[in-house]
Amino acid sequence: MIILGIETSCDETSAAVVRDGRVESNIVSSQRCHSAFGGVVPELASREHERLIVSITDSAVTEANITKNELDVIAATAGPGLIGAIMVGLCFAQGLAYALGKPFVPVNHIEAHIFSPFINDGEAHHAPRGSFVSLTVSGGHTLLSVVAHDLSYEVIGRTLDDAAGEAFDKTGKMLGLPYPAGPEIDKLAAKGDRGFHKFPRALTSQSQTSKSYLGNFDFSFSGLKTSVLTWLQKQTPEFIELHLADIAASIQWAIVSVLVEKTILAARSRGIKSVSIAGGVSANSGLRKAMKEACDKECITLYIPGTVYSTDNAAMIATLAGVKLSRGMQAEHSYNIAPYASFAAGRRKAGLK
Ligand SMILES: Nc1ncnc2c1ncn2[C@@H]1O[C@H](COP(=O)(O)OP(=O)(O)OP(=O)(O)O)[C@@H](O)[C@H]1O
Ligand SMILES: [Mg+2]
């Protein structure tokens, strides 16, 4: 089965071809037009997707060495994300499916992130046989879920305010770093001292405010944001410039240490020996290293997507569509576009709304 995946939920325009579960092409174009604004401008994102979607799709099909007529299924992100941006990819994908007379499969973007560590691009990473704990950390989400083999998953924790990626981007902006600041903080942190300044960690063992952190798998990053802002306001520009790498490392560690602690606690409390991380922040080298060390200590197997599959990409959309179809889920012709996440705590099954 040859599946074309389309992803346009935020500021990446992407198309991918997956043949029998294996990625044949994955073209990703990251929009640069937002950097001057310090964040994604929804209107500009939609226009950029509109400008690029045809050529990106053509490239994905050409690189996979097929013609459009050989496609069996067209899949696209149907949410969550920016509504205008989603509509561009979704309408294009549905129009293409209609014109080619092929079935169309809508895919939930966050579910696709959750399963991205198991994308097969030649180096297959098989999903664990039993349940695994998934930490999904992206620009808009921070979720801890327990995922079962039948694709059902239980969301056991989520952020109460900012997402982890947002925490990187907003604190990075305070440091004068360009958007998205996550990768910039990552690079700087590699040269800095993470113990330089201790920023607060909410809802953890080290939190002053929460004594009942055990069994609480929710996150909160807005306090960190305020703390960084007020601390920076007390420093001179010269001091900040001199210690930029140390400050970046301290911010990164404040975020990463919470993500690792909660994930390991979740795995321990459920007696689960497999953990995965996914979403844009899973590209963070500090998170990858700290999570690996923590998992090794607990004899837990860690699953991580290749960095190209951490941030938004269409390979994960086509891959999840293939998994859903192979499990007997049907192609759909009517569905709800979901601009907002509906990932409240509770049990869901991938593909079911
Ligand atoms: N190396 C890195 N270190 C830290 N953060 C990173 C790194 N690389 C990317 N990010 C962050 O990942 C986020 C983007 O991830 P992703 O593309 O998955 O998010 P999104 O699609 O915008 O949001 P969502 O998936 O929740 O809809 C940004 O906040 C970015 O700063
Ligand atoms: Mg994403």
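Guide: A helix here is a DSSP run of H or I with at least four residues, and helices are numbered from the N terminus. The model is a predicted one. The largest share, four residues, comes from H5. The shell has 25 residues, and those that come nearest to the ligand are Gly139, Gly140, Gly165, Gly182 and Gly280.

The position of the ligand follows from the domains. The chain is divided into domain 1 (2-116 + 310-342) and domain 2 (128-304). Both domains give residues to the shell around ligand 1, so the shell lies between them. The C-alpha centres of domain 1 and domain 2 are 27 Å apart. Where the two domains meet, 14 residues of domain 1 are in contact with 18 residues of domain 2. On the domain 1 side of this contact, eight residues are polar, five are nonpolar and one is charged.

In soluble globular proteins, nonpolar side chains tend to be buried together. The largest nonpolar core in this model has 98 residues, and among those with the most contacts inside it are Ala16, Ile74, Ile255 and Ile317. Helix H8 (residues 244-270) provides the largest share of this core, 14 residues. At least three residues of the core come from each of domain 1 and domain 2. Leaving aside residues up to four places away in sequence, Ile255 touches Ala164, Ala167, Phe168 and Phe221.

Helix H8 also includes Ser269. A residue counts as partly exposed when its number of C-beta neighbours falls between the limits for exposed, 12 or fewer, and buried, 20 or more. Ser269 has 14 C-beta neighbours inside 10 Å, so this serine is classed as partly exposed. From Ser269 to Thr311 the separation is 42 residues in sequence and 29 Å in space, C-alpha to C-alpha.

To return to the part in question, the shell around ligand 1 takes residues from domain 1 and domain 2, with H5 as the source of the largest share.

Conventions: Residues numbered from 1 in each chain as written. Chains lettered and ligands numbered in written order. Predicted model: local features only at pLDDT ≥ 70, side-chain atom pairs only at ≥ 80, totals over all residues. Core = buried A, V, L, I, M, F, W, Y, C linked by C-beta atoms within 7 Å. Helix = DSSP H or I, 4+ residues; strand = E, 2+ residues; numbered from the N terminus. Domains from an automatic or database assignment. Contact = placed C-beta atoms within 7 Å. Near = placed C-beta within 6 Å. Nonpolar A, V, L, I, M, F, W, Y, C, P; charged D, E, K, R; others polar.
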